[in-house]
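Here is a short tour of a protein model, written for someone new to reading structures. Please keep the sequence and the 3D view open as you go.

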Amino acid sequence: MLIVMKHGASDDEIAVVVQAIEKMGCRAEPIPWDQLTAIGLMGNDGRVDPGRLGCLPGVLRVISVTPPYRRVSREWRPDGTVIDLRNGVRIGARELVVMAGPCAVESEEQILNTARRVRAAGATVLRGGAFKPRTSPYAFQGLGEEGLRLLSLARAETGLAVVTEVLDRESVDAVAEHADILQIGARNMQNYSLLKAAGRAGRPVLLKRGMGATVEELLLAAEYVLVEGESRVILCERGVRGFDSHARNLLDLAAIPSVKELSHLPIIVDPSHGTGSRSKVPAMARAAVAAGADGVMIEVHPRPAEAVSDGAQSLTPDQFETLVGELRAIARAIGRDLADPVVAAAIGA
Ligand code: PEP
Ligand code: MN
């Protein structure tokens, strides 16, 4: 951290800043420049509040040199993190991960049918909410524990790994029992007690970006999970609130290269929630792969018109199959690939 003093700041003002830094247990190093003095602050482990120094007399501005997240940063681990799932699927490797499934688990027939179709098309992870975070308390809230049981059934039959959302601290253990990846949704990205509990559950965590969160806030939320000892975190860009209603959200594809620069964690993209309509999902999924995402998460429903939630943004299995073919071609064009469908099918054998 660098504390830049105003032009003409007095020796007393500089001394007050130095004392404040030392009182925080850090080292201060005044650096006289042409017209002004800057004070280097060394030994900050993240506890220093820049605002406390910024309001001292004679201080012009405080510049952070290192990011506030440490374990999540690229400097912490220069090579990208690769996450190995129980069924042999790897996330963050050269092969991209395709996660697909309905918004919500609705019935045994619906989830098994979808699981079979998405696996045959090349997906290696099945998504589906058992506990649904709905904007309205009157909307379908999910099948709960029964939904978890149906997801386990689908995994047993298909070999697909399962990602499903955990809504609160109380249900972390129940969800972890059935899920290969714990999903923390956009609405809960800054639910710090949930992040901590998820970080202790012994499962990889898929952390979705909050609808009003900056990339830095997303990375700091991930830091909470890493601090608890769980380094297998997958970030997910799912769009932020924009001012234009032409799409449900504003899908921030520039977040992909930004995250890649700042962090070693894999990042995937959810173009379903990112756009909110079926017609726009394939274009944004293709763009996400071209932009360097480590995978995509796509909502697929065997009969979207009958879906209890997010039918408008769900692809049919046939549309999904076409899209996966396109994603594979784009991945190969940029030196990557999708998991081989033969391998994906073999996982379930
Ligand atoms: C979901 O993936 O089912 C979901 C609710 O997404 P988000 O948290 O991004 O809104
Ligand atoms: Mn949904």
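The model is a predicted one, where local features need pLDDT of at least 70 and side-chain atom pairs count only at pLDDT 80 or more, while totals for chains, interfaces and linings use all residues. Residues are numbered from 1 along each chain as its sequence is written, chains are lettered from A and ligands numbered from 1 in the order in which they are written, and side-chain values use heavy atoms, with hydrogens and water left out.

**The chain as a whole**

- The secondary structure comes to 12 helices and 15 strands; these are DSSP runs, with helices being H or I of at least four residues and strands E of at least two, numbered from the N terminus.
- Along the principal axes, the C-alpha atoms fill a box of roughly 75 × 45 × 40 Å.
- Of the 349 residues, 52% count as buried; buried means under 20% relative accessible area, exposed over 50%, and partly exposed in between, using a 1.4 Å probe and protein chains only.
- The accessible surface of the chain is about 15,300 Å², and 51% of this belongs to carbon and sulfur atoms; such areas come from the Shrake-Rupley method with a 1.4 Å probe, and for residues only the protein chains shown count as cover.

**Nonpolar cores**

- A nonpolar core is a set of buried Ala, Val, Leu, Ile, Met, Phe, Trp, Tyr and Cys residues joined through side-chain atoms within 4.5 Å.
- The largest one has 69 residues, and L207, V233, L235, I298 and F320 touch the most other members.
- Helix α7 (residues 215-227) gives the most to this core, with seven residues.
- A second, separate core has 16 residues, among them V17, I21, A28 and L41.

**Ligand 1**

- Which residues surround ligand 1? They are R127, K132, P133, E165, Q183, G185, A186, R187, K208, R238 and H273, where being near a molecule requires a heavy atom within 4 Å of it.
- An N or O atom in the side chain of R127 is 2.8 Å from an oxygen atom of ligand 1; a polar contact is a pair of N or O atoms within 3.5 Å, and within protein one must be able to donate a hydrogen and the other to accept it, with residues adjacent in sequence counting only if both atoms are side-chain atoms.
- For A186, a backbone N or O atom lies 2.8 Å from an oxygen atom of ligand 1.
- K208 places a polar side-chain atom 2.8 Å from an oxygen atom of ligand 1.
- On its own, ligand 1 has 300 Å² of accessible area, and the protein covers 97% of it.

**The manganese ion**

- C103 (SG), H273 (NE2), E299 (OE) and D310 (OD) coordinate the manganese ion (ligand 2) at 2.0 to 2.4 Å; donors are N, O and S atoms within 2.8 Å of the metal (3.2 Å for Na, K and Ca), and sites may look incomplete because water is not among the atoms.
- The spacing of the donor residues in sequence is C-x169-H-x25-E-x10-D.
- H273 lies in helix α9 (residues 271-275) and D310 in the loop between β14 (295-299) and α11 (317-333), so the pair ties together parts that are 37 residues apart in sequence.
- H273 counts as buried because its relative accessibility is 9%.
- D310 has a phi near 55 degrees, a positive value in a residue other than glycine. Most residues other than glycine have a negative phi.

- T81 sits in the loop between β4 (59-63) and β5 (83-84). Is T81 buried or exposed? With 4% relative accessibility, T81 counts as buried.
- The side chains of T81 and R77 are joined by a polar contact of 2.8 Å.
- Beyond neighbours within four places in sequence, T81 is in contact with I91, G92, S231, H264, L265 and P266.
- G142 belongs to the loop between β8 (125-127) and α4 (145-158), and its 23% relative accessibility makes it partly exposed.
- Not counting residues up to four places away in sequence, G142 touches A130 and K132.
- L143 is in the loop between β8 and α4, and L143 counts as partly exposed at 30% relative accessibility.

Conventions: Contact means heavy atoms within 4.5 Å.
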